[in-house]
Amino acid sequence: LRVGRTWVVTGGSRGIGRAVVDRALAGGDTVVVLAGSAARADWPAGFGDRVLPVPVDVADAGSVAAAFARIRARTDTVDVLVNSA
């Protein structure tokens, strides 16, 4: 039985995207954060593997392909996609 939803949030390291990430995590869901600064963001403690920051350069097709490969390796489904970049 799968508990919680899996979100993918682009631009999730700051601003509105970050607010969406924080809300999803607070609700018990898992979030993949796609952002140029995702790896450097200050993620709240206590969420462990429920948050996966994935740095991506949307101007680089190889970077985008690598980001989606990481998503596929992590989960077999995406329940919610938020494009906030």
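## Largest pocket

Helix α2 gives the most to the lining of the largest pocket, with four residues. Helices here are DSSP runs of H or I with at least four residues, strands are runs of E with at least two, and both are numbered from the N terminus. The pocket has a volume of about 340 Å³. Of its 20 lining residues, Thr10, Gly11, Leu34, Ala35 and Ala85 are the closest to the centre. Two or more lining residues come from each of β1 (6–10), β2 (30–35), α2 (61–74) and β4 (80–83). By class, the lining has eleven nonpolar, seven polar and two charged residues. Ala, Val, Leu, Ile, Met, Phe, Trp, Tyr, Cys and Pro count as nonpolar; Asp, Glu, Lys and Arg count as charged; the others, Gly among them, count as polar.

A pocket is found on a 1 Å grid over the protein atoms alone: it is an open set of points with protein on both sides within 12 Å along at least five of seven lines, and lining residues have an atom within 4 Å of a point. Grid points are joined across faces, edges and corners, and the volume is the space filled by probe spheres set on the points.

## Model and confidence

This is a predicted model; local features need pLDDT of at least 70, side-chain atom pairs count only at pLDDT 80 or more, and totals for chains, interfaces and linings use all residues. Residues are numbered from 1 along each chain as its sequence is written, and side-chain values use heavy atoms, with hydrogens and water left out.

The chain averages a pLDDT of 86, and 88% of the residues score at least 70. That score is the predictor's confidence in each residue, from 0 to 100. Where pLDDT is low, the predicted coordinates should not be read in detail.

## Fold and burial

The chain has two helices and four strands. From the N terminus, their order is β-α-β-β-α-β. Of the 85 residues, 41% count as buried. Buried means under 20% relative accessible area, exposed means over 50%, and partly exposed lies in between (1.4 Å probe, protein chains only).

Helix α1 (residues 15–26) has twelve residues. Its first and last C-alpha atoms are 17 Å apart, close to the 16 Å expected at 1.5 Å a residue. The expected span is 1.5 Å times one less than the number of residues. Gly17, Arg18, Val21, Ala24 and Leu25 are the buried residues of α1. They cover an arc of only 125° around the axis, which puts them on the same side of α1. The arc is taken from the directions from the helix axis to the C-beta atoms. On the other side of α1, Gly15, Ile16, Arg23 and Ala26 are exposed.

Helix α2 has 14 residues, which should span 20 Å at 1.5 Å a residue; its end C-alpha atoms are 20 Å apart, in agreement. Ser63, Ala67 and Ile71 are buried in α2. The buried residues of α2 fall within an arc of 80°, so they line one face of the helix. Ala61, Arg72 and Ala73 are exposed on the other side of α2.

Ser13 lies in the loop between β1 and α1. Ser13 counts as buried because its relative accessibility is 13%. Asp42 lies in the loop between β2 and β3. Asp42 counts as exposed, at 66% relative accessibility.

The C-alpha atoms of Ser13 and Asp42 are separated by 8.3 Å, although the two are 29 residues apart along the chain. Ser13 and Pro53 are 40 residues apart along the chain, and their C-alpha atoms are separated by 8.4 Å.

How values were computed
On a 1 Å grid over the protein atoms alone, a cavity is a set of points where a 1.4 Å probe fits but cannot get out, and a pocket is an open set with protein on both sides within 12 Å along at least five of seven lines; lining residues have an atom within 4 Å of a point.
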